[in-house]
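Keep the view open and follow along.

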There are 2 protein chains.
Amino acid sequence: MDSRIREHAATVVDHSTGIEAGDNVVISAPSAAEDFVVALYERCAEKEAHPITLYSDSRATRGFLTNHTTTFDTPEHLLALYEEMDVYIAVRGDRNATETADIDPDTNAEYRRAMQPVLQERLSKTWCLTQYPTSGNAQLAGMSTDAYQEFVWNAVRLDWEAQRSHQAEMVERLNAANEVRITSGEETELKLSIEGNVAINDYGEKNLPGGEVFTAPVKTSVSGTVHFDMPLYRQGREIRDVRLEFENGRITAYSAERNEAVLDGIFATDDGAMYLGELGIGMNRAIDTFSYNMLFDEKMGDTVHLAVGSAYPETVGERNEVNESAEHVDMIIDMSEDSEIRLDDEVIQRNGTFQFEDGFAHAQD
Amino acid sequence: MDSRIREHAATVVDHSTGIEAGDNVVISAPSAAEDFVVALYERCAEKEAHPITLYSDSRATRGFLTNHTTTFDTPEHLLALYEEMDVYIAVRGDRNATETADIDPDTNAEYRRAMQPVLQERLSKTWCLTQYPTSGNAQLAGMSTDAYQEFVWNAVRLDWEAQRSHQAEMVERLNAANEVRITSGEETELKLSIEGNVAINDYGEKNLPGGEVFTAPVKTSVSGTVHFDMPLYRQGREIRDVRLEFENGRITAYSAERNEAVLDGIFATDDGAMYLGELGIGMNRAIDTFSYNMLFDEKMGDTVHLAVGSAYPETVGERNEVNESAEHVDMIIDMSEDSEIRLDDEVIQRNGTFQFEDGFAHAQD
């Protein structure tokens, strides 16, 4: 086994989730990630934890969803498992990244609704989402498998303590601010409140790789328009140039250049899918290549992402409403050119550079 | 996907387990059986059941057991899952049938003891054990992968109703009998009582392929000696020529020609491992090749098998004790030559032929 697989597993177990003796661990992984599952079991054994693994292959999900003809129920046995679980490790890794491309979006939306209690239970525990470098994901990124392995394993082996310090600046400023304005190019002009909400420093815990600072918009505060100029992959389909319009937090109009039907399915899932659940600011300079994989793309240093759907409860202050939804779909804005993030009218990022990185001395004229 | 995989899945779902709408299903499968898992999900979807899959790869188990240094606890999350489960489908299929060959037998025995409550919960539900034809199991059987696929898929597609009728004769006779005597070659001379216990007709339900009639010996009734002249594979190791001696049901001496240490581990697991839990009579003439796989070998028409360890509760009458153990290890006697099974002194099988097949007209002289 490549020694980097065991290093990756050690980072997940020791740093991301802090697994301890007696912890009931559930790993969710596709069959392509077999080596990584073995490495996780080895590390869990050293920690005296109890790992079991749920098979998450998208071929099986497709087989289930395309042959299902009636309504979906919440699977009670899965819920019972998660109730007794302490730590959840989700491993992504597709042999074929377009495996779910022919699932009906409405069916998928209905399935996600039925799975909502399961998702909520899972998110209430310690969890980590990470990536195993498969040939399918390499192909999606347009890389050789070897180069993609290098890309993934380098990204997860960052100096997370240094990254934490770097991001702490941003956490402090977001926590002190009330209003966020994002402008980019000719189409994006968005205003939202984060008053009373909490900014989280993601340095490789819930996401590995990490490298962002995120919070929740106050649910009904969002207004304006946004053009997501970075593509996203969802349900095995590429969605390009998503445009959203907001009034009082709710989406009033949307479009996409490609696979708009996937958006129809997402927004039909529940009312919470029509609101934003997350504002994230990518701060990981080690991820310098767009790879059509949200776990990596949203962390890139020159990007901002917004998620429609569920908010992370820990980002929502006591007096604000937690947006609930069975969806959580991140979408990315490229901030490297003609772009600004303002906090209470102070520019905190301009064209991808943070104010605390260079003070914008040159930009004040 | 080979159409025989979907036929196999349909047999498991429709015939073996009778899965119905709303059933909470747990599949346990190795990553090598990915195609079969997909086919099971398709069929479960048609039945409106809820399948999830636990990854059972022996590499992961080995990684866990070889890195574990302290005592084992029962994993409560797995127990909670099984408590809410209606149907359990266990799929075997090794890429490498000797994957667990370097696990310490004592560690394995201790692990099995900790897993005992989980096993009991699982056995209390509707369950089926079946085989996916992998390259590793083909190699163990000394066959090409293609020939082994043919072997497995032919065995599971038997006319199970015809098999049920054929076996019903044997069930009737066992249920009417009190004493069983098994003699074979020069070393096997075993006497046991089945008084009050129940014979079960296995026609592809709990085991697929099925093809045996089995019951439980009265726990303390077994006496005599037995030489298992067919090899068995356990923990990735071949055990040859097991010899056991019994007094009042308990094993008083044992030996094996090869890998006797595995037996030491089995018998050290708990006291129940020192008693027989099952007497099984193979009746499946379609399985005509020994393949080093108990699921198939014990069903062969010319064999008898005995299991040390746990008895199936449904085979034990109300007034008799159910032998409990974390072990259940089947061992086979070749009955094709110089052998007899007697029920209350009547010969029911001689040299592999059943009395109700030909009446032994020629054998009474």
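Start with A:Glu48. With 17 C-beta neighbours inside 10 Å, this residue counts as partly exposed. A:Glu48 sits in the loop between α2 and β2 of chain A. Its phi is near 60°, a positive value in a residue other than glycine. Keep in mind that this is a predicted model.

Look for B:Asn248 in the loop between β13 (242-247) and β14 (250-255) of chain B. Is B:Asn248 buried or exposed? B:Asn248 is exposed, because 11 other C-beta atoms lie within 10 Å, and the cut-off for exposed is 12 or fewer.

Now step back to the two chains. How do they meet? In chain A, 38 residues are in contact with 38 residues of chain B. On the chain A side, β1, α2 (34-46), β2 (50-55), α3 (58-66) and α4 each supply at least two residues. The largest share comes from α2(A), with eight residues. By class, this side of chain A has 18 nonpolar, ten polar and ten charged residues. Of the interface residues of chain A, 100% are also interface residues in chain B, so the copies meet through the same surface.

Helix α4 of chain A covers residues 76-83, and its buried residues are A:His77, A:Leu78, A:Ala80, A:Leu81 and A:Tyr82. What do the buried residues of α4(A) pack against? Within chain A, they pack against β1 (24-29) and α5 (105-123). From chain B, the partners are β1 (24-29), β2 (50-55) and α4 (76-83).

Next, divide chain A into its domains. The domain assignment gives domain 1 (3-156) and domain 2 (160-358). Their C-alpha centres lie 23 Å apart. Across the boundary, 32 residues of domain 1 of chain A are in contact with 29 residues of domain 2 of chain A. On the domain 1 side, the elements that give two or more residues are α1 (3-16), α5, β4 (126-131), α6 (135-141) and α7 (145-156) of chain A. Here the largest share, nine residues, comes from α5(A). The residues of this side divide into 16 nonpolar, eleven polar and five charged.

Helix α6 of chain A holds A:Gly136. A:Gly136 is buried, because 20 other C-beta atoms lie within 10 Å, and 20 or more is the cut-off for buried. Which residues does A:Gly136 touch, leaving aside its neighbours within four places in sequence? The contacts are A:Asp94, A:Arg95, A:Asn96 and A:Ala97. A:Asp102 is 34 residues away from A:Gly136 in sequence and 17 Å away in space, C-alpha to C-alpha.

Now turn to the strands of chain A. Eight of them form an open sheet in the order β14-β13-β10-β6-β5-β18-β19-β20, and the pairing is antiparallel. At the edges stand β14 (250-255) and β20 (353-354) of chain A. Each has a single partner strand, so one side of each is left without a neighbour in the sheet. Strands of a sheet pair through backbone hydrogen bonds. Inside this sheet, β10 (residues 223-228) and β13 (residues 242-247) of chain A pair in the antiparallel sense over five bridges. A:Thr225 has A:Glu245 in β13(A) as its bridge partner.

Move on to helix α9 of chain A, residues 260-268. Its buried residues are A:Val262, A:Leu263, A:Gly265 and A:Ile266. Seen down the axis of α9(A), these residues fall within an arc of 160°, so they line one face of the helix.

Finish with a peptide bond. From A:Leu208 to A:Pro209 the bond is cis, with omega near 5°. A:Pro209 has its place in the loop between β8 (207-208) and β9 (212-215) of chain A. In chain B, a cis peptide bond joins B:Leu208 and B:Pro209, with omega about 5°. B:Pro209 lies in the loop between β8 (207-208) and β9 (212-215) of chain B.

Definitions and conventions. Residues are numbered from 1 along each chain as its sequence is written. Chains are lettered from A and ligands numbered from 1 in the order in which they are written. This is a predicted model: local features need pLDDT of at least 70, side-chain atom pairs count only at pLDDT 80 or more; totals for chains, interfaces and linings use all residues. Helices (H or I, at least four residues) and strands (E, at least two) are DSSP runs, numbered from the N terminus. Two residues are in contact if their C-beta atoms, placed from the backbone, lie within 7 Å. Two strands pair if DSSP finds at least two bridges between them. Ala, Val, Leu, Ile, Met, Phe, Trp, Tyr, Cys and Pro count as nonpolar, Asp, Glu, Lys and Arg as charged, and the others, Gly among them, as polar. Domain bounds come from an automatic or database domain assignment. The arc is that of the directions from the helix axis to the C-beta atoms.
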